[in-house]
Structures are given as C-alpha cells and as structure tokens.
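Biologist: I am new to this structure. Please pick a single part and take me through it closely.

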Amino acid sequence: MSEIHNDEIKKTNRPVIEHDNTYWLSLENYNQDPEMKKLAETEFMSSPIREGEKQEPWARREFLKLMGASLALSTASCVRRPVQKIVPYSKQPEEVTLGIPNFYTSTYFDGQEAIGVLVKTREGRPIKIEGLESHPLSEGGTSVRAQASILSLYDPDRLTSPKKNLFNEKRTNKDTIGVKWEEADKAIVEELKKGDVVLLTGNYSSPATKALVSDFCEGFKAKHVSWEPFSYEDIKKGQELSYKNPVVPFYRFDKAKMIVSIDADFLGTWLMPTVFTKQFSKTRKDFAKMSRMVAFDSQYSLTGANSDIRVRIKPSQQLQVALALINELVFVQNKSIYAGNAKLKSWIGSFGNLAEGLLLEPALLKEVAKDLWENKGESLVVAGGMQAHSETAVALQLAVNFLNSILENDGKTVLSKPTILSVQSSHSEMASLIEDMKNKKVKTLVIHRSNPAYALTEKSEFLAALKNVNLVVYIGDRMDEMGQQAHYVLPENHALETWGDVEAVSGVYSIQQPTIRPMYDTQSAQLTLMNWAFQAKVGPKRIQEFETFYDYLRNYWRTELYPKLGKGGTFDAFWDGVLQAGFVGKLEDSSSARSYNVEVLETIKSLPKATGYEVVLYSTLQIGDGTGSNIAWLHELPDPITKIVWDNYVLVSLATANKLKAKEGQIIEVETNSVKLELPLHIQPGLHDDVMAVAVGYGRTHGGQVTNGIGKNAYNLAALDKKGILGTGSVAKVTVTEKKYELAQTQTHHSMEGRQIVIEATLKEYQNKKDHLIHKHPIWSYWSGHQYNGHKWGMAIDLNSCTGCSACMVACQSENNIPVVGKKYVIQGREMHWIRIDRYFTGTPENAETVFQPVMCQHCDNAPCETVCPVLATVHSSEGLNEMVYNRCVGTRYCSNNCPYKVRRFNWFHWTKKIEKPLHMALNPDVTVRMRGVMEKCTFCVQRIKEGKNKAKLEKRPLKDGEIKTACQTSCPTNAIVFGDMNDADSQVSKLFKNERTYALLEELNAKPAVHYQAKVRNTADLKGGGGHGHGEAAHGEGHNS
Amino acid sequence: MLSKKSVIHRAIKGLIGPLVLVIATSLTATFSLMGCKFQPGFGYNKGYSPEQPVPFSHEMHVGKHGMQCQYCHNQVERSKHANIPSLQTCMNCHLQVRTDSPYIQKMREAYDNGKSMEWTRVHMLPDHVMFNHSAHLNKGVNCQTCHGPIETMAKVYQYSDLSMGWCINCHRQPENKAPLNCTTCHH
C-alpha cells in the first residue's frame, strides 16, 4: 500500500470534526459551553443510580406495572413451570381469528378536531389507532393525542361504578360512597322534575347528541351551556360583526399560496391542527408552486417553527400587525377597492406610525403585503387561539376578516360553507351561568365533558357559586376536580366503548364505533340522559322510546341523514356502507364571497398600550387543555420546541433572562390580575423580550396518578368577564426567587458534535443549483459490502414536510411497547423513544429559526454497532435490517457507544414489569416486551414487515410497494416518511433516494444508512443558518479530500 | 474515596452473585437430570404430557375416525396460532354423540352456561419467540413434522424438543429455502 493511500485511509478514518454553530440544539450548545461539551461526551449522563434510591414524588408514580409473569426457573421436579392454561371461546365469535387483528372505522374527537381513524383490535381489545386514509378531512393523518387515546381507555384511574359524594353542610368535606345506577337515577330525576335545570357540557360535534341534548332540554325545560377552556367565540363574534354570519369558517390551507398567521398556531393547536397540517403540507411538496408562510408569533409555536419567515411579537402587537398590513396594502401600495377611501384613510391615520415598535424590517412588511396581493384569492390570513385571547381578540378578527375580504379570499380559502361545527364553547355564556348560580337561579346542574373546577380561573368564583346549586351531577370518566364537587359522579364510557357520530365540519359525517365491550359498570352519557327522560316521562317520543343510545343514533340517521345522503337503497345498506367507510358526505370546495361590513372597522379606536412584561398563555399540542392528561405517553413526549418533558415553565427570551439576572431553571414568580404563580424559567430563543409565556393544561390535582402535581395550573392567570376570557396580554410583575428547579430536557442529549446534519436551502438556491445542494463525500472502504438478493428495506424522510408534530413518536411507542421512564430518568438521558425528533435552531438566539429532524435507527449496511457486540445480539439481516436480538443481549452497551446516530436505548430497569393493570392490555402482542439489562432500538416495525410478507405469500402474489407501512409512517399527517424496498427500482422509496435533495446522515463515515433524508427548502430570500454542506465551501475541514 | 471496608464489602458482594448462580444452576441441573422422565436437555420439555380436564384423544378422533386436523384447528392456515377449538366445535357432534359420558356431560354443562374448558398448554415457546403456523403450513410442512404421530396419541405429549437448534436445523436445509434472520422469530 502506497504512502499516499495510507494517508488517505487515516484521513477517512479520522475526519476532523468541524465545530460550527450554524445549527444548535440549545443555548449552551450555541455558546460552546464547556459543561455542555462534557455532558455530550457522556453516553448516559451518569453512573447507574439504583431504582428508587432517592424517592421523589414523580418516581413513586407507578405507572408501569406489568402482569407478573412468573418466570421462576423449574427446579427439582418434572412439573413444568409455568403451567399455562388455554381457555378457548365457548362460542367462537365469527369475526375473531386469534392472532389476526380486526380494524374498525371510528372517529377521534378531542373537543376541537375530528380525525378519522381505524382502531386495530386483537382478540377483542383495541391496541392501536391508525389513520383512516380515505377520510376527507384528516386523510390518514393522526395527532399525538389521537394515538395516545388508546392508553386512556385502559387508564387505571377510571371510575368503575357510579359514586355519590356525601357533603357536610358547607360542602367543605365529603365522604364518597358507591351507589347503584337505579338509585342515582331515581334521586336525580326527582330533582330534575323541580325545574331550573342547566346542562353544562363541553363541545359536541355529534349531530345525534346535539339532537338528544335539545330533546332533553325540551323535556326538562333545561338550559344548555357549552364551555371548554379553549373557546373560539372571538372568531364567531368577528364573523358576525364583519359578515352578519356568526360561524367558525372552514379554512383551506391547501389552496393558499401565501399564508399569514398572527398567533394562530394552526399546525399545533388552533382549531383542527391535524387537518390543517395535512392541507399545509400539500402546498409544500411541489417546488414550482411552493407556498410561503409568514408567522407573527408571540410564543414559539409549531406554526412559527415551520414558517418561512417568523417575526416575534408580543400580544399587544397582534392588532398592530394586522392594521400595519391593511395600511401597507391599501394605503401605501394602493391596492383593492378601498385604495382611495378617505374615511378609512383618516381612520388608519389616527393610529400614527403602525410599523413602530414591530421587530420587523419595513422592507419585509412591504414584501408580505405584496405577496398577499399577488396571490389574491389564493392567500390566507388567520389569527386567534389561546395566544390571542387578549382584549383586542375581536378587533383582531375584524381586521383579519377585512384583509381576507379585500384579498378576495373569502369564499376561496375562508369558507362560510362548510363551517366548523365542533366548537361551541363560550366564555360569556359561562360568565352568565356563574351569575345565575350566584343568584340561586339554578337548582340542578348536570355537567358532562367539561371541567370548570380545574380549567376555569379561580377568580371566576365558579366553585363558590356552585354551592348555591341544590344538586350537581357530573358525568365523567374519573373522580376529577369537577367530580370532587358533584353530588353524583356517573361514570361514562370511553370513546372506544361507545357509539357516536361526528360532524366536525358541516357536510362530512363520521361514525364512532365501539371496539370493546364496556370494561366497567359504565354507560354512555347520552344513555344516562335518555334514562332520565324516560323515567320522568318528558321530552319528545324519540328520547323516551329507545333503550340504548345506539338505537337513538340509528333512528336519527334513518330519519335525518339517510333521506339527505342515502343514494337509493335501503337504510340498512346505507348504514353498513357508513360503518365500512367510516364516514359519509363530502367537503364542499368553495362558498360564495360575503360582503364585508366596513363600518365595523372604525369601531377599532386604539391599540393596546404596551407596558412591561406581558403574559402569554398557550397550549401545547401534547397536553392540550389538560383535561385528558392522565396519559404517561403525553407527559413523556418532549415538547416539539423546548424538548422539555413532565413540566410546564415560563418561557422568556435570553435578553430578558439576563436582565432579570435569572438562570435556566430558576424559579420566578409571575403576578398578573393579582394572581401569583411560581414556575421555573426556561430560556427560549426567538421570543419577544417582553413576553412571559406559560403553557396551560398542567397542575392537575385530581386528574389521576400520572398527571397530578405535574407543573402548575396556569389557567388561574386568566380573567373571565361577560365579554369572554382574558388569557393573554395582561401585564405581569416578575420577581426572581432564589429557588432552583431542574427541568428534564431531551434536546441536550444526543449531541451530533457540531457536524452538519440538517441540510437546508432557500427555494432560489435549490432551483439554481439543484445538483450541488448536497456535498458528496469521497468514500473509501475495506469492505465489499453486503449482498441483498431479496428485499432491501429503506426509508426516506422529507425534512421539508416534517412539521415536528411528534405523532410518529407516540405511534411508535404504542406499536412497539415502549416504556415510559419518568422525569428522573429522562434527566439522566434514559428516555426510551425509538424515534426522536431533533430540533435544531439556526440563526441568532434573538431570531432563531427551527429545523426538525426525526431520527431513528438508520439500519446501516456497515453498521458500527454490529461489529462491537461481543455476543452477536445485534446482527445484519439478509434484507438490510439491523436486527436486535433481545434474548441474546447481555447489556454491555458497546453497540450504543459505537452508534454514530445515538439511537439505541437501554433498559436500565424492568420498566414494563411495573405496568399497572389494566394498562397491560394496550401492549402489542406481536412485539416482545423487553426486560431489564437489554438494549433496544427501532426495528423498522419488523413485525409489520413479517405480517405483510406473510400475507402476500398466503395470497400467492408478490409484495406490493407501499403495502408495508411502519407505525411512524401511518401516523404522519404530512406523509414525510416513506418506507419500502430499495431493491425494487419502481418503489416510491427508490425514486425518492434518487431525488437531488436526498442525503444520508454522516455519509463520510461510510456506515451506509438505509434511512435517507431530503433537505429542507425554505421559501425565503435568505437563510438564517446558511444551509448545509452544500453552501460555504470554506466549512470543509481537512478531513475531506475533495 | 472509598473506604477499605467498603471495598472489601463490595468485593464480597460481587462474589456472592456468581456463587449463588453457580450453586443454583448445578443443583437445578442435577435434579432435573435425575428426576425427569423427559430427556434430554435442561429447560426443554420433550415428552411433557400433562393431564387435561377432559381426556381428549387424538388417537380416537384423528386416528380412528379420520377427522381432519383443520376441522378443529380451523384457523391454523390463516393465523400464527393453531387455535384450540371453541367448545361449540366439540358440541357440533357431542350434542348427539356419547352424551352418556361424564366428560361430555361436563363439557355440555359448561357449554350451556356459556363457560369454557381450561386446557393445560402442552407446546409452549418462550415469549420472545414468534412462531407462525400459517407460514409453515402454506410451505407444505406437515403437522406431524413437528407434532409427531399425533394420530396415535391418546394423550398428547410434546414430540419435539422445540429448542432453537431444532428449529434452525430445518431452516438451514437448503431445499427448504427458509429464512435464517434473527427477526424471523425474534422481534
């Protein structure tokens, strides 16, 4: 071997690591903090600590208890142990084949959005939620909460039978006793007959339930009030004033080429995020007509993270942004019919310089306005959500509606038909209910799907007013905060145990099917109402005559929907068709444009005065409003932006933290509306300096053993009055305390040592130099490589589509029986997720942009892990899979040390042994449950590969491309993940591998990963980060001999 | 710094584990080799033949009456499991046949009450082994290849040792064209 050759080998083997801070994971990373570097060098952060060595509240949380399969070794006798029994069916159900799953169409409804799903059941128990691809709204996409809803079915904290609370005189203390349904019904009906009944519920999207509720209200002369913490009444009010049409319009992001969002987190939490994510991703795939999205963000939302241009604002600037856009468009660039309107001109002139104070270059404002106008009819301006519940909430809607009207978007991207029917919650109705209760106008209050005892600010005096009500009945699934205050707590079925229907967007009717017999002595809330009407003999005939809600529902469909939607044929055939498809009806494409009532604009008189720190209340996509948060998967899921688990915190900017002289994790006290809240501080890049952002949905007291005591209840920072709720924008007083708190953050783990991992380009760069986008490394190898004669599995991940929504992480957890470890062990870097989403910031801490990158086992051809395992527990398969054999693994962890992608996870403890019954029923029987001391990692869902191959073999046909889908792939609402056979030249994955944006992680190591990524393209003039290897040739170190 | 005492303590602690293991293993091995009818191999259960609640005879049903295996194990061609038939399948015949037998009466009683029988499992693989009956059957493997002369068994016993070596032996034969990847069985 020549000397030159030797040198070459040396260099290839030991490439110089380029430390650059173009892409950074955290501020410590950005500043090249030596502490951080030291941490990154340690694999698992610390030496082993024995389980339960230091018992902390959350360590005691025993959410992991598995059926104790007694694996005692057989000794000294011929009796085999364990002796297992087989109990076959007495009468075999026709549809059950042992070992073969059944799928049922259903709909997941979380209070806002409806997602069409397929529920996978094995031997009669639901184990996994899959997206329903044919559903016209969600089109196969799912959300983290839809995926996790399987776990709430098996929640050990669910109520198993009706309960009665015996209060003392002042209702300060109580005894809880069990009660029979008949007794409870009888007592409640007696009270209901006395009149003054109010039915307080959450959002209903079910047309049959709405009919039932109106029957109930008619029968008992009851009043119906809808309340949930997230209300969209500002949108309704704005639509009413603007168009005399009080609806929540349906938005078409898939038809918009230019999108401006003012604090509406439509990819994360606003209205129907999964549906909107699906729509939005469609506009990002074709680069010839790629959409542009501009986000004005007062919190670091998922929408802001995925925008092409993100501008940080504070809540008091939301209206200012909208008005500045109107001014720029109509009066500076003289567009639209209002261009010469003197009256409007003098009105907008009264605000003075609208661009003042905005952290936005004037040129950018011009460009945004220009883009909006150039795409008129195909642009969209949205605003609202929790972050916009300030005193200007309605004014903001008026301004936004005006923009959409002059841009001719109304009827094209903003539809007044169909509309969103699933959100009825009204804070003003709640305020008047409290008033009525105070004045003793309510004798009986029946509550369903609504938890004001937790999620309504304490200042509303709801709980005090509740004591004036003679009888409080709560229909819910647990003895939660509301249940504690009710005389009767009647357990309801889980959504997977009950019939229902959903019309979230008008015209599309989905069905909700039960997939398991009710596990406990529970019944659907609807049946409870029906029973009362039957016993009191009140209400229309249909509420009294049916024995079950299923009969009522079927009757409703027969009489109301079948005449409208049935295309000939019998009702039974129509009904069976609906059950099979999961839905009926279709989305209307456009509606007629409405005329904007321009006078209302002039009711906007002034902008809010901005002084000091402003509170921003926001919701996270994993916890939502917090009412269904007793799910360990959701708490363990890192927040997409902060990557923090098991907590809420105050987000502040770096400059503000420095000004307050506060460090990460220091506890600060935020005081607003005379309420104080102490929370740890987290320094968030890209935040406005005057913002104190806090997530709601935490701080439950009676939510269940997983969620109780996690974080603090930030709803208390809001104020409620007759106009609605004031959640955001109120001025905060901030005090820094001496106390410290440790936040569990996953982002600082798995550092990629500063090597360039994500590749990003602007649209222009991409179009100009398609072939030079990816820097190709010279690769030299000793090995001839593996031969793959049959299949060769590979995966393509499009970073341009990935929004970081994290549905894949929960889907993977559900499919592969991945345990939850709790905060203590996440701090030690022992989280078990097989797929993680790395979040990189680019740019400066002031204006940080974000790139998301899902990383799982890369199934390398030359896998570094395989060569170091001393017991051959990780080996290569003939189909290119990097196999992990649990029963061989002795736990040396060499493989993990040698993995350049840091995707291997080690079972430090026997997590699954602690799963509490009946949570074990959610386990997937096709995947081995791992025990202590075993390494594990992504398998490419090998059980699905086997199932697909076997199915094709039984049907005696070749395997089709796209037939095998991994769990992460099916859950993805943007179709960012594609799995398939690389040996099949026509497969989708093979085609994607030839795409000019495609690259592999750390290609220079020649590990030859089977997972390839496609570079992100941003539709902006310039990038904050400066792209990947393709840009800036100077970045190459001497390790590359190009 | 560790004190001297704790170093010694740790050393002893470190020794105890392996020592206990060695003793336990040797004791277990001795006992199992001495006392067991079924041989060979520690941990395998070749020859295992437990008592069943009803002495169902494969010899009678299959050998004498010539019933097809799939009459009862009707999902074996579709599923990974060779299902134990539901009581209903037994009752198809036994509502008429041999109704005087106390065992049939026992089954009849359970059937009428919507109950089932509790059979003792004979063939058992560890939890980390994913065996698929349908894949083998469709490849043309006979039931008897693994289960032995089942048609002669009045009381079912485990014919093969079901060890991994036994599986692999077959998978290794070139004419079988069977996969040898670890994930074929372990995932």
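Modeller: A:Y613, A:V615 and A:L617 point one way. A:E614, A:V616 and A:Y618 point the other way. Every one of these residues is buried. Keep in mind that this is a predicted model. The strand covers residues 613-618, and six of its six residues are buried, so β22(A) is largely enclosed by the rest of the structure. Buried here has a plain cut-off: 20 or more other C-beta atoms lie within 10 Å of the residue's own.

Now take the strands it pairs with. One is β27 of chain A, residues 691-695. β22(A) and β27(A) run parallel and share five bridges. Within that pairing, A:V616 has A:A693 as its bridge partner. Another is β30 of chain A, residues 731-740. Here the sense is antiparallel, with two bridges. A:Y613 is bridged to A:A732 in β30(A).

β2(A) is joined to strand β1 of chain B, residues 119-120, by two bridges, and the two run antiparallel. In this pairing, A:K85 stands opposite B:T120.

Notes
Residues are numbered from 1 along each chain as its sequence is written. Chains are lettered from A and ligands numbered from 1 in the order in which they are written. This is a predicted model: local features need pLDDT of at least 70, side-chain atom pairs count only at pLDDT 80 or more; totals for chains, interfaces and linings use all residues. A residue is buried if 20 or more other C-beta atoms lie within 10 Å of its own, exposed if 12 or fewer, and partly exposed in between; C-beta atoms are placed from the backbone. Helices (H or I, at least four residues) and strands (E, at least two) are DSSP runs, numbered from the N terminus. Two strands pair if DSSP finds at least two bridges between them.
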